[in-house]
Amino acid sequence: MQVKTFILFSLCCCSLLLQAQQRPNIVLVMTDDMGYSDLGCYGSEIPTPNIDALAGKGIRFNQFYNTSRCCPTRASLLTGLFQHQTGVGQMSEDPGSRKDGKDANDWGTPGYQGYLNKHCVTIAEVLKPAGYHTYMTGKWHLGFHEKEKWPLQRGFEKYYGILSGASSYLKPQGGRGLTYMNTQLSPPAAPFYTTDAFTDSAIGFINQQQDSNPFFLYLAFNAPHWPLQAKEEDIKLFKDKYMKGWDMVRSERYKKQLASGLIKNEWGFSERDTSARAWEKLSAEEKQRVAYRMAVYAAQVKCIDDNVGKLVNTLKQKGVYENTLIIFLSDNGACAEAYHELGSQADSLINNPNYSGAVSYGMGWANASNTPFRKWKNRPEEGGISTALIMHWPAGIKKQNSIVSSPAYLIDIMPTVLDVSKTTYPSLYHGGESIYPLTGFSLVPSFTGKALPKHPYMYWEHGGNAAIRKNNWKAIHSISKGTWELYDLSKDRSEINDIASQYPKIINELKEEWYKWAKENYVLPKRAGDHK
């Protein structure tokens with residue numbers, strides 16, 4: 001009897017060990033405010049050989065979507081839910097956002113609390129009980145004021161990064177400073193750069209692991225989000241490169257996208273946004289200033305790629321590269337904030353280590369970063385919600401160097417992680433709290449070239465701007481216009497020709513469906529006392 005018990009116990013242990021070895025490590029890498037065309041494999045002139053190599057031996061999605069804004073995307077990405085279901089419908093708590101005991105991002109309704117609620121679970125909270133180590137480095141932006149809202153209290157075993165929505169790359173400090181585990185740190189000594197530090201810490205967490213259990217790493221860069229800060233040696237690589245101007249860069253990127261098969265000619269090429277002047281209309285001094293800003297931005301993107309390469313080399317050295325699923329994406333389209341883009345006062349703040357405010361590269365370059373689409377971060381047009389998505393897993397992806405054209409979005413990442421990790425999504429968590437069910441689907445069929453299921457509808461809302469997609473029909477509501485627009489994305493993904501007046505039945509169906517979704521998923525009402 002004892003022998004049989006021992007044999008059963010041994011078989012059980014062997015089975016668990018085999019499962020642990022077979023289940024892939026999962027590395028989720030997200031950039032911050034990087035445009036659709038800012039990677040080499042998505043059309044850019046910025047050299048990103050390490051990320052391009054992942055795409056070359058993996059798959060690229062050309063119709064993958066985010067929420068159009070930093071923290072709502074993080075909420076949806078980590079939970080598999082719509083951001084409003086998690087309580088982060090608008091923005092997250094940040095340093096200075098709470099006054100007189102009330103946070104500016106808590107609007108008194110379930111969808112707008114400013115932090116992750118207890119009716120959702122993060123990927124880390126699902127994977128940790130299933131035997132995964134769970135590590136995070138980088139930007140959190142999902143709750144700030146109390147420690148119960150921080151990464152370690154939401155399933156992560158180790159954490160190093162910034163809790164806030166933005167910080168200095170060179171000297172994070174104060175409320176926008178660094179946190180290790182549950183301790184906020186003093187400002188780092190120079191030389192320091194967040195992109196390097198976040199990657200080095202991630203590598204440290206992996207190297208410190210003593211057992212052979214799989215790990216989940218969430219590496220959330222704050223780059224290339226403002227402020228414009230990059231290493232001087234990287235900036236020099238792009239000196240004078242952008243004197244050709246944003247119109248030429250857009251044109252060159254578009255041609256490269258067409259040649260690679262990433263986009264279709266019939267999708268169209270949007271005109272330069274009217275918010276940005278034609279390049280030739282700028283003075284020589286203005287051109288010099290904004291070309292330098294784009295050089296700094298390009299240096300930020302280049303540094304991301306360098307660090308992805310460093311992380312991949314670590315995976316290879318550890319012997320776990322083949323069985324690691326790497327997922328790479330951006331949280332929203334390129335950022336057109338920092339509207340005083342030509343001011344000399346703002347120029348003086350570039351690479352100032354004590355500055356963490358909104359000095360960026362302006363609308364013209366943001367428009368170029370989102371080639372071929374129009375608009376940008378915070379907007380529901382394709383330029384605001386479209387992101388590069390690369391998935392790489394040598395042991396699991398058989399249809400390598402391919403482009404997936406099926407539309408998908410953030411709520412599909414959690415089901416994908418559950419699928420590859422053989423993990424079950426809970427219905428109860430946090431001491432018996434009910435967890436909202438998932439409505440996304442796994443992207444794993446695309447690993448072998450199979451078709452993905454279709455979302456009957458796809459939904460977006462942020463800041464009062466809204467969109468809904470059914471097959472190739474996409475309706476957009478802009479608060480600036482106050483009306484609904486309609487586009488056929490099969491012929492016009494750049495959203496050039498509004499055909500709402502030609503198809504009133506379709507636009508009415510989409511509007512009705514959007515409002516139904518909005519009421520069911522805590523999009524509406526927005527504030528306590530609202531009745532619609």
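This is a predicted model: local features need pLDDT of at least 70, side-chain atom pairs count only at pLDDT 80 or more; totals for chains, interfaces and linings use all residues.
- As background, most peptide bonds are trans, and most residues other than glycine have a negative phi.
- You'll find Pro372 in the loop between α11 (362–369) and α12 (382–385).
- His430 isn't a glycine, yet its phi is positive, at about 50°.
- His430 belongs to the loop between β14 (428–429) and β15 (433–434), and with a relative accessible area of 22% it is partly exposed.
- Glu495 also has a positive phi, near 55°, without being a glycine.

**Salt bridges**

- Side chains of opposite charge can pair when their charged atoms come close.
- Searching the whole structure turns up 33 salt bridges.
- One of them pairs Asp331 with Arg74, with 2.9 Å between the closest N and O atoms.
- Asp331 is in the loop between β10 (324–330) and α10 (344–347), while Arg74 is in helix α3 (residues 70–79), so this bridge ties together parts that are 257 residues apart in sequence.
- Both Asp331 and Arg74 are buried.
- Asp247 and Arg272 form another salt bridge, at 2.7 Å from N to O.
- That pair links distant parts of the chain, 25 residues apart: Asp247 is in helix α8 (residues 246–260) and Arg272 is in the loop between α8 and α9 (284–317).
- Asp247 is partly exposed at 23% relative accessibility, and Arg272 is partly exposed at 27%.
- Some bridges share partners, and through them Asp32, Arg74, Lys139 and Asp331 are joined into one network.
- Lys149 and Glu146 also meet through their side chains in a salt bridge, 2.5 Å from N to O.
- Lys149 counts as buried, at 8% relative accessibility, whereas Glu146 is partly exposed, with a relative accessible area of 27%.

**Nonpolar cores**

- The largest nonpolar core has 76 residues, and the members touching the most others are Leu39, Leu217, Tyr242, Phe328, Trp365 and Ile390.
- Helix α9 supplies the largest share of this core, 15 residues.
- Tyr242 has contacts beyond its neighbours within four places in sequence, including Glu45, Val249, Trp279, Met294 and Trp365.
- There's also a second, separate core of 55 residues, with Ala75, Val88, Val126 and Trp393 among them.

**Helices α6 and α9**

- Helix α6 (residues 194–208) and α9 have axes that come within 9 Å and cross at roughly 10°, which means α6 is roughly parallel to α9.
- From α6, the residues meeting α9 include Thr195, Asp196, Thr199 and Ile203.
- On the α9 side, the residues meeting α6 include Cys303, Asn307, Lys310 and Leu311.
- The residues of this contact divide into six nonpolar, five polar and three charged.

Notes. Residues are numbered from 1 along each chain as its sequence is written. Side-chain values use heavy atoms; hydrogens and water are left out. A salt bridge is a side-chain nitrogen of Lys or Arg within 4 Å of a carboxyl oxygen of Asp or Glu. Helices (H or I, at least four residues) and strands (E, at least two) are DSSP runs, numbered from the N terminus. Buried means under 20% relative accessible area, exposed over 50%, partly exposed in between (1.4 Å probe, protein chains only). A nonpolar core is a set of buried Ala, Val, Leu, Ile, Met, Phe, Trp, Tyr and Cys residues joined through side-chain atoms within 4.5 Å. Contact means heavy atoms within 4.5 Å. Axes are lines fitted to C-alpha atoms, for helices over the stretch in contact, and angles run from 0 to 180 degrees between N-to-C directions. Angles under 35 degrees count as roughly parallel, over 145 as roughly antiparallel, 65 to 115 as roughly perpendicular and the rest as oblique. Ala, Val, Leu, Ile, Met, Phe, Trp, Tyr, Cys and Pro count as nonpolar, Asp, Glu, Lys and Arg as charged, and the others, Gly among them, as polar.
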